[in-house]
Amino acid sequence: MRSLYVCLLFLIFSIHANSQSILLKGRIKDTGGQAVPFASVYEKGTTRGTSANSEGEYQLKLSAGKHTLIFKAIGFKQESKDLDLRAAQTLDIVLTPAIYELNDVVVNAFSEDPAYEVIKNAIRTRKRHLTEPNQYTADVYIKGLQKLLSAPKKFLGRNIDDIGKQMGLDSNRKGILYLSESESKISFLQPDKLKEEMISSKVSGSNRSFSFNRASDIKINFYENQLDLEGLSNRPFISPIAENALFYYKYRLLGTSIENGEMVNKIELIPRRNADPVFRGLIYILEDSWRIHSADLYITKEANINFVDTLNIRQEFIPVNSKVWMPSSVRYDFTGGLLGFRFAGYYIALFKNYNLNASLKKKEFTEVLKITREVNKKDSTYWKQARPIPLTVEEQIDYTKKEVLAAKRESKTYLDSLDKVNNKLKPFRLLLGSGYNPRNRFKKEYFRFGSLVNSVFYNTVEGFGLNYQASYSKQIDSLTNKFLSLTGKVRYGWSSEKLYGSFSGTLPFESSRISFNIGTDVIDLNNNATIVQSGNSFNSLFYERNLLKLYESKFLNFSFSKPFGSVQTSVTASWSNRRSLQNSSDYTIRDWDSRVFTSNNPLVPGADIPLFPKNQAFKLGFRATYAFSNDYATYPAGKFFRPSKYPQLGINYSKGIIGIFGSDVDYDIVSFDLTKSDIKLGLLGKSSFWIGAGKFLNAKSIYFTDYKHFKGNRTLAYTPAVNNFLYLDYYNFSTSDQYFDAHIEHNFSGFMTNKVPLLRKLKLSEIAGFNYLSTPALNNYSEVYFGLQFLNMRILYGRSYANGKKADKGFRIAVNF
């Protein structure tokens, strides 16, 4: 009996011991003793593995027993090690450079390089590899690091040394800007269904932030014909084995080698034209199956990329079974610089635990991304156990140092000390700068007092005036970034000698929002707010053009917005007492002999007569938009529906109700709009469009302020918008009948500028657009424009036509901040 008991204990102990993970670690070097960064390590016959860090250090947890491990890196010969693990062990590996031989291959001027035959076979089998497997699930670990390599001492008047200390940089303004890790579970179903659930997230220096790492963002598939690198380029990049790849690439076979009994072809990619959206570097293709073994590709400035100078993409594949190979790792390395700042970094994704028989259903992919509030709650003990890639010494220091800084930054003492410095009143800023913005960051309260110079205005109705605004906001929920906001405004015109005041606010709830606005004000007749106060002041004082037309209103407005699934809805109710205004000033700094100020009546510019009689209006409005999308992403801030491939549909209905609260208006208008942005047309660029139409079903009693107005523009500067006319008059084409308007814009992704070295260096891209409007009063009005875009600045030249006759032409400049 005793022996049986001992045997049972021994058996239980053995089972327990074999179920425990044993840590294997070591360093991977080359024959010269240098670290091989990010070398792959995985167990043969499985998809379990890891990667070395940037210093060649690796760690892998395995069960006790016998294992065969594979060590590999692009450009090196694969090493295999048999182990019998019984306890923690250190195993250092030396990788030798892979030898690729050109056996019995003669290439001369009259023969085709043998690489072409390999590539043609890879192109022929591309679709087969693209659609295998039909479905899968996998675990993904992603690590991202961005470093500042150099920076100026000052930038825009700010001391970078002071900012660097708060960010954890060293005395030379160098160091890690961003370090994060995340774990996710991904599911894929052919042809394009991808779902990701983030399991854990860690960001150095913040206990509340969530990692930017997304498996869907770092995923890249060279079996696709074109690869979109969002944000990096307006154009997609051509895969080296795309259907039309031979038009864009030249190929050269550098040699072959044998790995696991299979021949690997090493092929160099050579762009046929430098400015084409193509990759450079090396691609490795397996003989016979013609699948991608690995890739070491890069993109440079010559391809007209944004933000970075060079992007290097390394991808390795491993066999999941005898027929299917899947990515084991993907790594992006980048360097770049802007305005005296130099930066570099990388993102690496490790894929493991592939399951090709997951029995996935299409309906499971409605939620494409899930990130819960608990994702960033994992402590350092968890990450020490879960992290597959060991931290470097620099990364360990960054986590430790920024954890201290984060705790310090969230303390009341520290925040109060920062607020004490920030809250000092600086008269120059209040008068001429950004205003006065005191805050209490510990209580998450913020006050904003506008600068006086930005509050001063001039118009012919009020003369010189002051339109001063102050606001208060309090962050209610930092995770969802919800704010309670209140704003007060006073307005006074020295020529009209009238004082106005208003008060507004926004109250957020879990998934809805209530806004209100009450008071008196002087308001633009065009309710699209088409010209800013400063722009009208400048045109009036220096060009004797009073573009802005105004009226007086006493009002009470209320709005409520709430989503219902993918349908966004809003309801508005408003009451107003409206009075027409006349000019009271004709002052101008520069007097033009050929010009005089027009009246405040846009329909009768030569006579200063009231546009409409004093009236009251009670109106109800409803708007609903539907993006034809049921796919959504869940963030801690809530549920957000993803853009659809279809246009967004908007429906509006407004009614003026006579008799309620003395209302004089009686009308009904219904309208719809279709809009779609960033329509990808491959190498042809991207398009956007807006189509709108509406009709007054009833216009028994209506005033000019209730008309349908359009977003016109008569100044040099304009605000970019897909439904914004560049040359249209602000008021003369408003209608109380029916209308149809269309706006189309296309970004050509730098076709012309790629041919000009200077323009290519500036990373410019071409824009062309067409606007059209039809109303009974206007009949037909159209605009055609084209121009260039550099970063967020646009310079356009265009011409407009009214009823087939030339109406206007000129340049327009816009900057998006």
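**Close-ups of a predicted model**

View 1. Pro 133 sits in the loop between helix H3 (126-130) and strand E9 (135-150); helices (H or I, at least four residues) and strands (E, at least two) are DSSP runs, numbered from the N terminus. The peptide bond from Glu 132 to Pro 133 is cis, with omega near -5 degrees. Gln 190 and Pro 191 are also joined by a cis peptide bond, omega about 5 degrees, and Pro 191 is in the loop between strand E12 (175-189) and strand E13 (193-203). A quick housekeeping note: this is a predicted model, where local features need pLDDT of at least 70, side-chain atom pairs count only at pLDDT 80 or more, and totals for chains, interfaces and linings use all residues. Residues are numbered from 1 along each chain as its sequence is written, and side-chain values use heavy atoms, with hydrogens and water left out.

**View 2. Positive phi at Trp 290 and Glu 544**. Most residues other than glycine have a negative phi. Trp 290, though not a glycine, has a positive phi of about 60 degrees, and lies in the loop between strand E18 (280-286) and strand E19 (292-300). Trp 290 is buried at 14% relative accessible area (buried means under 20%, exposed over 50%, partly exposed in between, with a 1.4 Å probe and protein chains only). Glu 544 has a positive phi of about 55 degrees, sits in the loop between helix H12 (533-543) and strand E31 (550-564), and is buried at 8%.

**View 3. An open sheet of four antiparallel strands**. The strand order is E3-E2-E5-E6, where two strands pair if DSSP finds at least two bridges between them. Strand E3 (49-51) and strand E6 (79-85) each have a single partner strand, so one side of each has no neighbour in the sheet. Strand E5 (residues 65-72) pairs with E6 over seven bridges, and Lys 66 stands opposite Asp 84 in E6.

View 4. A salt bridge here is a side-chain nitrogen of Lys or Arg within 4 Å of a carboxyl oxygen of Asp or Glu; the count comes to 35. Lys 143 and Glu 395 form one, with the closest N and O atoms 2.6 Å apart. Lys 143 lies in strand E9 and Glu 395 in helix H8 (residues 393-410), so the pair ties together parts 252 residues apart in sequence. Lys 143 is buried at 0% and Glu 395 at 2%. Arg 387 bridges to Glu 181 at 2.7 Å between the closest N and O atoms; Arg 387 is buried at 11%, Glu 181 at 0%.
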